[in-house]
Amino acid sequence: MSVNKYLPYVFVLPEDDANRQLANGFHLNVDKIRQMQVLEEAGGWSEVLNLFTSVHITEMERDQNRFMVLLIDFDAKPERLDKVKGVIPNQLSERVFVLGALTNPEVLRQALRQTNLGSYEKIGSALAEDCRDKTSITWGHDLLQHNSGEVERLLLHVRPILFLSV
């Protein structure tokens with residue numbers, strides 16, 4: 001299903017299949033389902049950057065309703081956020097968000113198994129619930145808390161697009 005481009009909407013560009021599954025789990029808990037679309041996985045965090053710069057920047061400049069989430073693995077390199085943000089043009093910085101596990105989704109899934117969040121989709125759903133409810137139960141996990149600044153911006157800009165209870 002495609003998004004309604006006459007209203008603000010969110011594209012999620014995942015690095016790999018695990019991140020795509022996280023995004024799909026998030027999408028399952030979105031109230032305004034037609035305002036979010038999970039794109040095909042890029043095939044690596046550097047490919048996320050390549051696709052974003054070669055395709056999505058131009059599209060976002062044409063379409064003021066488009067917001068983007070670049071969903072990457074940080075591979076235990078928190079400085080990767082600055083590298084990724086370095087390719088985002090200033091005029092788009094309020095509509096692009098960079099999120100991901102501090103290591104990778106596989107390690108995150110293992111760490112969250114004891115909390116009954118054993119699948120990527122369940123983790124994604126829990127992250128969506130946090131966004132809807134303005135909580136940090138899952139976002140506050142050690143492997144996700146580095147996203148706090150981006151999540152704060154996400155709540156401000158994207159929460160009203162995806163959730164009714166705003």
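**Exercise 1. Work out whether Phe11 is buried or exposed in this predicted model, then find its aromatic partner.**

Step 1. Start with the relative accessible area of Phe11, which is 7%. Buried means under 20%, so Phe11 counts as buried.

Step 2. Now look for rings. Searching the whole structure turns up two aromatic pairs. In one of them, Phe11 partners with Tyr9, with 5.2 Å centre to centre and 65° between the planes. Edge-to-face needs an angle over 60 degrees, and this pair is edge-to-face.

**Exercise 2. Find the aromatic pair formed by Phe26 and Phe163, and say which parts of the chain it links.**

Step 1. Take the geometry: the ring centres of Phe26 and Phe163 are 6.2 Å apart and the planes make 65°, which is again edge-to-face.

Step 2. Phe26 belongs to helix H1, while Phe163 sits in the segment after helix H7 (159–162). They are 137 residues apart, so the pair ties together distant parts of the chain.

Step 3. Check burial. Phe26 is buried at 12% relative accessibility, and Phe163 is buried at 2%.

**Exercise 3. Explain why strand E3 (residues 66–71) is described as largely enclosed.**

Step 1. Count the buried residues: six of the six, so the rest of the structure largely encloses E3.

Step 2. Sort them by face. In a regular strand, side chains alternate between the two faces of the sheet. On one side of E3 you get Arg66, Met68 and Leu70, and on the other Phe67, Val69 and Leu71. Both faces are covered.

Step 3. Look at the neighbouring strands. E1 (residues 9–14) runs parallel to E3 and is joined to it by six bridges, with Phe11 opposite Met68. E4 (residues 96–99) is also parallel to E3, through four bridges, and here Leu70 stands opposite Val98.

Step 4. Follow the chain from E3 to E4: it passes through helix H3 (residues 80–85), in a right-handed β-α-β crossover.

**Exercise 4. Decide where the buried residues of helix H4 (residues 105–112) lie around its axis, and what covers them.**

Step 1. List them: Pro105, Leu108 and Leu112.

Step 2. Look down the axis of H4. The buried residues fall within an arc of 55°, so they line one face of the helix.

Step 3. Find the cover, which includes helix H1 (17–28) and helix H5 (120–133).

Step 4. Finish at the start of H4, where a side-chain oxygen of Asn104 comes within 3.0 Å of the backbone nitrogen of Glu106.

Key
Residues numbered from 1 in each chain as written. Predicted model: local features only at pLDDT ≥ 70, side-chain atom pairs only at ≥ 80, totals over all residues. Heavy atoms only, no water. Buried < 20%, exposed > 50% of the residue type's maximum accessible area, 1.4 Å probe, protein only. Helix = DSSP H or I, 4+ residues; strand = E, 2+ residues; numbered from the N terminus. Arc of directions from axis to C-beta. Contact = heavy atoms within 4.5 Å. Polar contact = N/O pair within 3.5 Å; in protein donor to acceptor, adjacent residues only side chain to side chain. Pairing = 2+ DSSP bridges. Right-handed = clockwise from strand over helix to strand, strands pointing away. Phe/Tyr/Trp six-rings, centres within 6.5 Å; stacked < 30°, edge-to-face > 60°.
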